[in-house]
Amino acid sequence: MKIPDGHPAADGLISQIKRYAKKFEHSEIPFLIQEDRKWMYVNPAAKKILEAEEDIIGKPIWDNLPSEIHGLVEERIQSSKNGVAPMPSEQTWITQKGNRIILEVIGFPLMFSSDATQIIIRDITKQKLEKKETLDHLNLITENMIDIIGLVNDRGVFTYLTPSYEWVTGYSQTEAIGTTPFNLVHSEDRSYVISEFMRMITEQTPLSVEYRYQKKDGSYIWLESQGTPVNEENSIRYAVVATREITKRKEAEYALKKSEHTHRIILEHSNDLICLIDSKGKYLFASLSYQDILGIDPQTLLGQDAFRFIHGEDHASVQKYIELLAASEDPQPLVFRKIHASGKEIFLEGKGMPMLSENGIVEGIVFISRDITEKKKAEEYIRNSEKLAVLGELAAGVAHEIRNPLTSIKGLFSLLKQNEIDQEKQHFYHEVIYEELHRIEHIVNEFMALAKPDALQMDKEVNLVQLLQDTVMLLATEANLYNVEIRLLFKEKALFVACEKNQIKQVFINIIKNAIEAMSNGGVLTIGIEEERDGAVKLIFADTGVGIEEERLKTIGVPFFTNKEKGIGLGLTISNKIITEHQGSLKVESIPGQGTTVAVTLKKNVNNNKLVLP
């Protein structure tokens with residue numbers, strides 16, 4: 001029965017409530033008392049949560065409770081009135097400022113009044129918002145992730161799927177949830193996937209499987225699934241399964257295996273020596289061809305020093321080649337020797353390629369070498385044959401060149417035997433015989449210079465500019481006779497080269513005389529000097545003469561081949577030989593009717609020492 005207001009009993013109840021509430025006046029725990037749906041007491045901690053700047057004592061509790069929970073609160077008040085303390089609940093209340101807050105509410109009966117309820121509240125608004133924000137983020141990630149996240153119960157049935165399942169398989173969430181995924185697993189993979197799933201559920205161990213899965217359009221894709229078992233307190237068992245499509249990866253793996261198989265076949269059947277050595281020079285791989293070419297089992301090479309089987313005289317060149325590769329250069333193929341198991345030498349031509357790490361560090365080198373032993377023998381045979389052929393040509397040329405003056409001498413001696421020849425004719429015949437003998441001597445001297453030159457006394461302090469100017473001055477008179485102008489197009493006063501002065505001068509004389517004779521009706525000979533980047537000097541002789549036909553150019557330098565009426569064809573041959581011995585080069589280019597250009601390249605001087613070459 002409710003005690004009316006103003007009744008002495010009511011006043012006593014209020015006093016008793018106030019005395020009881022004083023215990024909570026300074027407590028940090030928000031505490032309230034309601035009686036007959038009005039606030040009878042609100043401590044400062046509760047006022048702070050409810051943003052109660054004005055006194056709310058005596059005001060209806062419904063001012064702070066939204067209408068949607070009035071029924072729930074009334075039910076809990078009645079339970080408390082009947083002596084039953086309801087379980088804590090989460091409720092949304094309204095502060096005096098109109099803000100909605102989320103509270104954890106605990107209500108229980110007031111011991112000395114069945115119409116009053118004491119209430120403890122805890123503001124959980126921030127926690128709920130943070131939890132909601134986290135859930136929203138998780139939901140955003142889950143709803144938009146590429147991988148499929150699914151829940152599969154212990155019967156193998158989908159209970160949840162992310163939208164990505166439809167993107168990958170073509171089946172919607174509605175179509176898939178409530179069905180088992182095992183029916184879409186490829187028949188060849190199904191038993192394995194089911195057994196792994198059951199092992200995960202029963203043994204509570206993680207799962208990782210790769211399998212083929214049928215899409216809605218009937219095609220198959222490769223999937224990789226990672227499963228985590230979950231066993232809740234009420235013995236409900238299920239698994240969280242994360243799945244991603246790996247079709248492209250599987251295709252790449254298959255292509256790689258196919259490529260590896262192809263390369264393995266090539267390596268095993270290649271006639272070339274193929275090896276891989278590490279940064280320490282140890283064999284990591286050697287092809288089967290090592291057995292055929294070197295008589296060495298390739299398996300016995302693994303871990304051994306690669307230099308062990310290289311000819312000792314070639315160690316330096318191979319080491320230099322490896323250093324060039326390590327410096328990211330691309331050297332020319334290397335010719336070196338390896339030792340056969342029988343002890344004989346095998347000539348190889350090899351090409352190396354560095355293996356670089358992601359940081360650009362050389363981790364090893366791949367070598368591919370080809371047996372050129374027979375090729376070397378063939379080249380040596382050809383060189384010997386060419387030498388014999390040249391020797392034959394030289395002998396024939398000498399015989400031909402000497403036969404002509406000898407024929408003249410023989411005929412003149414026959415005439416001299418006749419008594420009726422007068423003194424004047426005899427004198428004339430003697431002069432001709434002398435000239436022909438001189439010609440024979442010249443031919444023999446030229447041949448000897450070509451066949452067996454003297455030791456080359458090379459001086460590294462020769463002023464090439466001065467030597468060239470002296471040569472031009474020597475031939476200036478002959479140039480004037482042919483109406484040829486010689487132009488020197490260089491400003492350098494001194495360029496020192498390593499050379500034998502007289503021989504290089506002879507080269508200049510041969511080239512300039514040829515140019516003058518090619519301009520019998522007059523012309524211009526231009527001489528220039530260029531300094532090369534590689535420490536060499538190039539001299540260019542360009543005339544405006546008749547030029548040389550293409551077929552004739554092929555025979556330049558061939559002994560005894562000449563178009564000159566009185567020449568013997570050894571001038572450019574000897575010149576080319578001299579330049580070659582000086583480690584230089586001589587090149588001839590010509591255009592018929594326009595002129596000829598001869599380029600001579602010599603190394604520049606590096607110091608003042610003298611060098612003697614045999």
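Reply: Strand 20 (residues 536–543) and strand 22 (residues 595–603) run antiparallel and are joined by 7 bridges. The model is predicted, so local features need pLDDT of at least 70 and side-chain atom pairs count only at pLDDT 80 or more, while totals for chains, interfaces and linings use all residues. Residues are numbered from 1 along each chain as its sequence is written, and side-chain values use heavy atoms, with hydrogens and water left out. Helices (H or I, at least four residues) and strands (E, at least two) are DSSP runs, numbered from the N terminus; two strands pair if DSSP finds at least two bridges between them.

Within the pairing of strand 20 with strand 22, A542 stands opposite T597 of strand 22. Both strands belong to an open sheet of 5 strands, whose order is 17-19-20-22-21 and whose pairing is mixed. At its edges are strand 17 (484–489) and strand 21 (585–591), each of which pairs on one side only. Neighbouring strands in this sheet are turned against each other by 15° on average, direction ignored; axes here are lines fitted to C-alpha atoms, for helices over the stretch in contact, and angles run from 0 to 180 degrees between N-to-C directions.

Two helices accompany this sheet. Helix 13 (residues 464–481) lies across strand 17, strand 19 (523–531), strand 20 and strand 22, and runs at about 165° to strand 17. Helix 14 (residues 501–517) also packs on the sheet, where it touches strand 17, strand 19, strand 20, strand 21 and strand 22. The direction of helix 14 makes about 25° with that of strand 20. Contact in these descriptions means heavy atoms within 4.5 Å.

Strand 11 (residues 273–278) pairs with strand 12 in the antiparallel sense over 3 bridges, and the bridge partner of I277 in strand 12 is Y283.
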